[in-house]
Each structure stands twice: as C-alpha cells, then as structure tokens.
Amino acid sequence: MASAVEELQKDLEEVKVFLEKTTRKRVRDVLTAEKSKIETEIKNKTQQKSQKKPELLDSEKPAAVVAPITTGYTVKISNYGWDQSDKFVKIYITLAGVHQVPAENVQVYFTERSPSYDTETDPSEGLMNVLKKIYEDGDDDMKRTINKAWVESREKQAKGDTEF
C-alpha cells in the first residue's frame with residue numbers, strides 16, 4: 001500500500017494534467033485551488049514525517065496519542081468587508097472557531113475572477129450579463145433585492161414612467 005504522501009503526489013500529478021487540458025476559466029480556478037491544497041498537504045505531511053521523535057521506551061509512552069487535524073475545509077464567503085488603498089486591499093471576514101486554530105495552520109487561498117468585456121456587443125447586454133453573474137453568485141438577500149428592482153423597473157416601464 002502506498003503511503004499518504006505518495007498518494008497525494010499522484011493526485012497532484014493528475015490535477016496538473018487536468019490543468020493543462022482545461023479551457024474553462026472556472027474549472028481552471030477550481031483546479032488551481034485544489035492543486036494549492038494538495039501541495040500544502042504534501043508539505044505538511046512531509047514536515048510531520050521529518051519531525052517524528054525516536055521511539056520511546058514503554059515506560060515513557062503516553063497513554064493516548066491524538067493525531068493532529070491536517071485536513072482543511074473550504075468555506076464560501078458571502079459576508080465580507082474590505083478596505084483598499086492604491087497598493088493594497090484588506091479583506092475582513094468572520095469564521096467561527098478560527099481563533100482556536102494555531103495561526104500557522106490557517107491558510108487562505110483566493111481565486112480571482114475578472115469580468116470579461118466584449119467590445120463587440122451592446123453595452124446594456126454586458127450590464128445584464130454582470131447582473132446575471134451577481135444574481136447567480138449571490139445569497140438569498142441579494143437575489144431578493146435584484147428581483148425587487150427588476151419588478152419595479154418592469155412596472156415603471158408598463159406605466160410609461162421611464163425616468164432615470
């Protein structure tokens with residue numbers, strides 16, 4: 001049976017193969033994030049192996065051994081704040097229980113999605129595409145807000161009230 005590090009190495013190689021073949025941005029972003037996670041996990045496991053202590057005598061062995069938690073989890077962040085300057089952007093988020101984890105075990109990966117601009121199409125169509133993307137990625141409150149604005153806009157158009 002292969003060791004955990006060897007299995008992770010195989011997973012990493014397969015993700016790299018998929019990354020080379022992918023043409024879709026969203027899929028590439030997901031695979032890039034997964035690649036980073038696997039690389040971090042390999043690094044952590046390698047460090048754990050190198051830090052293992054020599055075998056203790058029976059009288060020195062502890063009664064119970066608790067393995068450290070090495071698996072991570074992914075959180076979709078829908079509530080956040082930010083502050084930006086010319087050079088930096090600070091992002092503020094709240095994660096329940098993160099203060100109980102040692103700082104060196106907290107890792108954050110960002111995937112950046114930039115909007116695509118098509119200069120050949122109608123500008124209002126581009127705006128609608130941006131709104132659709134916001135709607136698809138938004139939480140329930142965002143969807144309600146967009147729906148309400150859309151309904152109010154349609155009602156004004158029906159009345160002939162097209163003030164901007």
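Visitor: By class, how many nonpolar, polar and charged residues does the lining of the second largest pocket have?

Guide: Rolling a probe the size of a water molecule over the atoms shows where empty space is left. In this predicted model, the lining of the second largest pocket has seven nonpolar residues (Ala, Val, Leu, Ile, Met, Phe, Trp, Tyr, Cys and Pro), two charged ones (Asp, Glu, Lys and Arg) and two polar ones (the others, Gly among them). A pocket is an open set of points on a 1 Å grid over the protein atoms alone, where a 1.4 Å probe fits, with protein on both sides within 12 Å along at least five of seven lines.

Visitor: Which residues line the second largest pocket, and what is its volume?

Guide: The lining (an atom within 4 Å of a point) consists of L127, M128, L131, K132, Y135, T145, I146, N147, A149, W150 and R154, and the volume, the space filled by probe spheres set on the points, is about 350 Å³. Two helices (DSSP runs of H or I, at least four residues), α3 (123-137) and α4 (140-159), each give two or more residues, and α4 gives the most, with six.

Visitor: What span should α4 have?

Guide: At 1.5 Å times one less than its number of residues, the 20 residues of α4 should span 28 Å, which agrees with end C-alpha atoms 29 Å apart. After α4 comes G160, with a positive phi near 85 degrees.

Visitor: Which element has the lowest mean pLDDT?

Guide: On this confidence scale from 0 to 100, α3 is lowest at 77, whereas helix α1 (residues 4-21) is highest at 89; the chain averages 76. Local features need pLDDT of at least 70 and side-chain atom pairs 80 or more, while totals for chains, interfaces and linings use all residues. Residues are numbered from 1 along each chain as its sequence is written, and side-chain values use heavy atoms, leaving out hydrogens and water.

Conventions:
pLDDT is the predictor's confidence in each residue, from 0 to 100.
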